[in-house]
Amino acid sequence: IERMECPSLLTFHEEYMLPKRPVILTGCTSYWPAMTTNRWSLEYLRKVAGPRTVPVEIGSRYTDKEWSQKLMTVNKFIDKFIMSTENEKGYLAQHQLFDQIPQLRKDILVPDYCCMLDYSYKEGKNEIEEQVSKEDVKINAWFGPGGTVSPLHYDPQHNLLTQVFGDKYIRLYDKLETEFLYPHEGMLTNTSQVRKDRECV
């Protein structure tokens, strides 16, 4: 996958978004408070969000029969699943944490790349128009221990994933391979039945 250092909006739109090509963007969030003045750490998250109650997914994969959800405070989540050496997995996944805790929302900024149309050329004009305002962009948080796995799946919207701390392994397949990934039937049609040692988006 190609890496680009802060490409222009036009370059991003024409070379990656329109043809639906994945790209790794670098240097685009280095100025965020979460990366600088309010550098995120477990201690900082405890200070800002510790007593707040959040939904936590219990189990390695949401496709497993043993999977469940439970409400707990951020402090308890960190103690039980991040700091603990137990094998049980807990994952704060796809939660609108920044709506719940505005102080954390102030630590991140929505990149302009999030406000672009798939097909944005007006008749007779070569200009890019915005699809949504930055206030309308959906922002979710994922927070989990090492070894947390998301089953192979696709999302209906474009995604811009930002890793604030830690690391994440991501496996991508071309959309032409969809039929060989055996999607579930019913509610999980966006999720593959194929299990890998390391699964991801």
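View A. Glu2 counts as partly exposed, at 35% relative accessibility (buried is under 20% relative accessible area, exposed is over 50%, and partly exposed lies in between, with a 1.4 Å probe and protein chains only). The model is predicted, so local features need pLDDT of at least 70 and side-chain atom pairs need 80 or more, while totals for chains, interfaces and linings use all residues. Residues are numbered from 1 along each chain as its sequence is written, and side-chain values use heavy atoms, without hydrogens and water. Arg21 forms a salt bridge with Glu2, and the closest N and O atoms are 3.1 Å apart (a side-chain nitrogen of Lys or Arg within 4 Å of a carboxyl oxygen of Asp or Glu). Arg21 sits in the loop between α1 and β2, and Glu2 in the segment before β1 (3–5), so the bridge ties together parts 19 residues apart in sequence. Helices (H or I, at least four residues) and strands (E, at least two) are DSSP runs, numbered from the N terminus. Arg21 is partly exposed too, with a relative accessible area of 38%.

View B. Ile24 belongs to strand β2. Its relative accessible area is 32%, which means partly exposed. Leaving out residues up to four places away in sequence, Ile24 touches Ile1, Glu2, Arg3 and Met4 (contact means heavy atoms within 4.5 Å). Ile24 and Glu5 are 19 residues apart in sequence, and their C-alpha atoms are 8.6 Å apart.

**View C. Helices α2 and α3 side by side.** The axes of α2 and α3 come within 9 Å and cross at roughly 150°. Axes here are lines fitted to C-alpha atoms, for helices over the stretch in contact, with angles from 0 to 180 degrees between N-to-C directions. The two helices, α2 and α3, are therefore roughly antiparallel (over 145 degrees; under 35 is roughly parallel, 65 to 115 roughly perpendicular, and the rest oblique). On the α2 side, the contact is made by Leu42, Leu45, Arg46 and Ala49. On the α3 side, Val74, Asn75, Ile78, Asp79 and Ile82 take part.

View D. Asp79 and Arg46 meet in one of them, at 2.5 Å from N to O. This pair links distant parts of the chain: Asp79 is in helix α3 (residues 74–82) and Arg46 in helix α2, 33 residues apart. Asp79 is partly exposed at 42% relative accessibility. Arg46 is also partly exposed, with a relative accessible area of 27%. Glu88 forms a salt bridge with Lys80, with the closest N and O atoms 3.6 Å apart. Glu88 is partly exposed at 39%, and Lys80 is partly exposed at 31%.

**View E. Phe12 and Tyr113, a tilted ring pair.** The structure holds five aromatic pairs. In one, the ring centres of Phe12 and Tyr113 are 4.7 Å apart and the planes stand at 50°, so the pair is tilted. Rings of Phe, Tyr and Trp (its six-membered ring) pair if their centres lie within 6.5 Å; planes under 30 degrees apart are stacked, over 60 edge-to-face, and the rest tilted. Phe12 lies in helix α1 (residues 9–17) and Tyr113 in the loop between α5 (102–105) and β6 (141–143), so the pair ties together parts 101 residues apart in sequence. Both Phe12 and Tyr113 are buried.

**View F. Phe143 and Phe165, an edge-to-face pair.** The ring centres of Phe143 and Phe165 are 6.2 Å apart and the planes are at 80°, so the pair is edge-to-face. Phe143 lies in strand β6 and Phe165 in the segment after β6, so the pair ties together parts 22 residues apart in sequence. Phe143 is buried at 13% relative accessibility, whereas Phe165 is partly exposed at 34%. Phe77, Phe81, Phe143 and Phe165 form one aromatic cluster.

**View G. Thr29 in its loop.** Thr29 is placed in the loop between β2 (24–26) and α2 (42–49). Thr29 is buried, at 15% relative accessibility. Beyond its neighbours within four places in sequence, Thr29 is in contact with Met35 and Thr162.

**View H. Confidence along the chain.** The mean pLDDT of the chain is 83, and 86% of its residues reach 70 or more (pLDDT is the predictor's confidence in each residue, from 0 to 100). Among the elements, α2 has the highest mean pLDDT (96) and strand β5 (residues 90–95) the lowest (87). Over residues 120–131, pLDDT stays under 50, and the model has 22 contacts beyond four places in sequence for them.
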